[in-house]
Amino acid sequence: MRPNFSGFASAALIAAALALALPGVAEAHILQGNAGGFGSGFEHPLTGADHFLAMFAVGLWGAQMGGRSVWTLPVTFPLIMVLGGVIGISGIALPGIEIGIALSLVALGLAVACAWKPPEWAALALISVFAICHGYAHGAELPNAADPADYAIGFVLATGLIHLLGIGVGLALERPMHGRIARALGLMITLGGGYFLAA
């Protein structure tokens with residue numbers, strides 16, 4: 001018997017909606033001056049469109065795949081993202097990070113648009129590669145934060161909320177129109193990735 005996710009989906013949507021009520025627009029990945037702290041870390045993934053869409057897509061795809069993937073994808077992404085952050089903090093050069101971030105939108109959006117349900121290990125491997133890119137981009141900016149630890153905590157918390165939003169939306173759109181609305185969202189995310197690749 002399939003578990004009833006309606007209560008979880010409602011709670012996820014409410015929590016994410018509250019988080020998204022924060023104002024602000026951020027377009028760069030690098031903090032200016034000594035900006036930073038919990039608030040800046042929490043706000044950044046909510047207002048950076050490329051990061052927001054990728055994290056939203058992970059939750060949406062996990063909900064679409066169903067089963068354990070509802071939680072394994074959104075839990076794995078931030079864990080691997082921390083590893084990418086450590087690499088970024090260490091100063092190790094990784095080329096093509098911005099391209100990797102844009103490609104994450106293209107690939108994850110296509111996965112949702114095609115309702116692709118690969119083996120769980122394959123999905124986890126794919127999101128792990130992209131999590132390294134996203135984590136690295138933010139790890140590189142941590143030394144510029146006034147309080148790097150608080151910034152990292154805020155960033156990870158916001159990431160979790162975006163994943164919850166994706167899960168909630170994915171579960172809510174699972175049945176209407178046979179999931180076509182969710183797949184349309186995936187296509188829009190892919191187009192967003194194409195925009196960032198071209199920018």
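The mean pLDDT (the predictor's confidence in each residue, from 0 to 100) of the protein is 81, and 80% of its residues reach 70 or more. This is a predicted model, in which local features need pLDDT of at least 70 and side-chain atom pairs count only at pLDDT 80 or more, while totals for chains, interfaces and linings use all residues. Residues are numbered from 1 along each chain as its sequence is written, and side-chain values use heavy atoms, with hydrogens and water left out.

**Exercise 1.** State which elements have the lowest and the highest mean pLDDT.

Solution. Start with the elements: the protein has eight helices and zero strands, taken as DSSP runs (helices H or I, at least four residues; strands E, at least two) numbered from the N terminus. Next, pLDDT is below 50 over residues 1–34, a stretch with 50 contacts beyond near neighbours in sequence (contact: heavy atoms within 4.5 Å). Where pLDDT is low, the predicted coordinates should not be read in detail.

**Exercise 2.** Describe how helix α2 and helix α3 cross, and by which residues they make contact.

Solution. The axes (lines fitted to C-alpha atoms, for helices over the stretch in contact, with angles from 0 to 180 degrees between N-to-C directions) of α2 (residues 38–47) and α3 (residues 49–65) come within 5 Å and cross at roughly 80 degrees. Therefore α2 is roughly perpendicular to α3 (65 to 115 degrees). From α2, Pro-45, Leu-46 and Thr-47 make the contact; from α3, Ala-49, His-51, Phe-52 and Met-55 do.

Terms used: Parallel < 35°, antiparallel > 145°, perpendicular 65-115°, else oblique.
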